[in-house]
Amino acid sequence: MAWLVADIGGTNARFALVDGPGGAPHHRASLPTRGHPDLAAAVAAYLAGHAPAERVEAACLAVAGPVGGGGFRLTNAGWPADTAERVRARLGLPHLEVVNDFEALARALPSLGPDDLIPVGGPPPTGAGTLAVLGPGTGLGTAGLVPTPAGPVPLPGEGGHVDIPAVTEREVEVMRLLRAERGTASAEYLLSGDGLVRLHRFLSMIHGVRTAPPTAAEIVDRRDDPVCAETLETFCALLGSYAGNVALTFGARGGVYLGGGILPRVVDVLRGSAFRARFEDKPPVVDYLRAIPTALIVHPCPAFAGAAARLEQSLTALEAA
């Protein structure tokens with residue numbers, strides 16, 4: 001019987017099956033998250049449409065939102081809060097777990113190889129020591145991975161909702177506009193897909209430019225447009241400051257990894273931007289940060305490996321008990 005693994009974001013719900021520990025994902029499929037009323041319905045649609053003949057023994061579903069006390073909430077999809085037990089019962093599965101999506105991503109970090117990463121500054125990543133991962137997509141996820149004698153322990157959180165790390169006068173202007181509009185200056189409001197659109201709008205306001213608001217995809221594609229180019233540069237600079245904060249908070253001397261769906265589309269901009277300079281520019285700990293690798297994850301769906309690793313750990317513990 002197979003294990004079901006999933007990476008559920010605010011835009012896409014990605015599913016696959018694996019044949020136990022170390023198994024390669026198969027029966028992959030991506031469904032629109034908002035095309036389903038809740039998590040159980042999305043899982044049922046995947047199983048019916050893409051794996052109707054498969055018997056699923058256990059499932060680990062990674063969701064983009066807070067998970068705790070048996071409950072979870074998908075932050076950017078409009079789904080109601082739910083519990084893993086209710087989802088398990090509705091699907092009739094023997095074993096089901098729900099974890100934060102960046103917990104799954106953190107668990108996958110040690111399994112990533114050179115072909116899965118693009119270095120974006122500092123020494124080459126080794127995967128050793130305390131690690132951190134963050135990523136702008138529909139939202140802004142963050143997690144750590146701490147080595148222990150019993151194995152690495154993931155530390156998921158909601159770090160995307162800390163205040164935006166504005167540094168330049170232009171960024172302070174943007175932050176003021178953001179605070180006036182939203183009542184807060186949460187990092188996710190700028191470092192995400194919607195954040196790109198919002199950042200473009202604020203920069204247009206600052207420059208007195210009136211244009212039809214582009215989508216995030218259009219901003220990424222319009223490199224010859226001055227405001228779009230400035231939007232991407234500012235996005236990468238702010239992300240560098242945020243990533244440096246994450247590195248210091250977790251003590252992630254083993255490396256900070258960048259995930260999410262946006263950055264792989266702007267690799268050239270990211271590597272040529274102020275990202276790494278802003279990552280390091282935190283006196284008096286510049287040398288500390290300079291020694292930390294930063295790398296972009298280009299593996300197509302690393303959360304599958306992290307979800308499978310969680311299942312392997314959980315089911316082994318259950319068998320031992």
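Across which strands does α3 lie, and at about what angle to β11 does it run? The answer involves two sheets, which are taken in turn below. The model is predicted: local features need pLDDT of at least 70, side-chain atom pairs count only at pLDDT 80 or more, and totals for chains, interfaces and linings use all residues. Residues are numbered from 1 along each chain as its sequence is written, and side-chain values use heavy atoms, with hydrogens and water left out.

Axes are lines fitted to C-alpha atoms, for helices over the stretch in contact, and angles run from 0 to 180 degrees between N-to-C directions.

Within this sheet, β4 (residues 56-63) runs parallel to β8 and is joined to it by 6 bridges. Ala 58 has His 95 of β8 as its bridge partner, and Val 63 stands opposite Asn 100 in β8. Strand β4 also runs parallel to β1, with 7 bridges joining the two; here the partner of Val 5 is Cys 60 in β4. Because 7 of the 8 residues of β4 are buried, this strand is largely enclosed by the rest of the structure. Buried means under 20% relative accessible area, exposed over 50%, and partly exposed in between (1.4 Å probe, protein chains only).

Contact means heavy atoms within 4.5 Å.

Helix α3 also lies across β10, β11, β12 and β14 (294-297), and runs at about 45° to β11. These strands belong to an open sheet of 6 strands with mixed pairing, in the order β9-β14-β13-β10-β11-β12. The edges are β9 (117-119) and β12 (153-156), each pairing on one side only. On average, neighbouring strands of this sheet are turned by 25° against each other, direction ignored. Strands β10 (residues 131-136) and β11 (residues 140-146) run antiparallel and are joined by 6 bridges; Leu 134 has Thr 142 of β11 as its partner. Helix α7 (residues 226-250) lies across β10, β11, β12 and β13 (255-258), running at about 150° to β10.

Lys 282 lies in the loop between α9 (275-280) and α10 (286-290). Lys 282 is buried yet has no salt bridge, and the nearest side chain of opposite charge, Asp 281, is 8.0 Å away. A salt bridge requires a side-chain nitrogen of Lys or Arg within 4 Å of a carboxyl oxygen of Asp or Glu; Lys and Arg count as positive and Asp and Glu as negative, while His and the chain ends are not counted. Not counting residues up to four places away in sequence, Lys 282 touches Ser 241, Gly 244, Asn 245, Leu 248 and Leu 289.

A search of the whole structure finds 0 disulfides, a disulfide being a pair of cysteine sulfur atoms within 2.5 Å. For Cys 236, the nearest cysteine sulfur, that of Cys 228, is 14 Å away.

Definitions and conventions: Two strands pair if DSSP finds at least two bridges between them. Helices (H or I, at least four residues) and strands (E, at least two) are DSSP runs, numbered from the N terminus.
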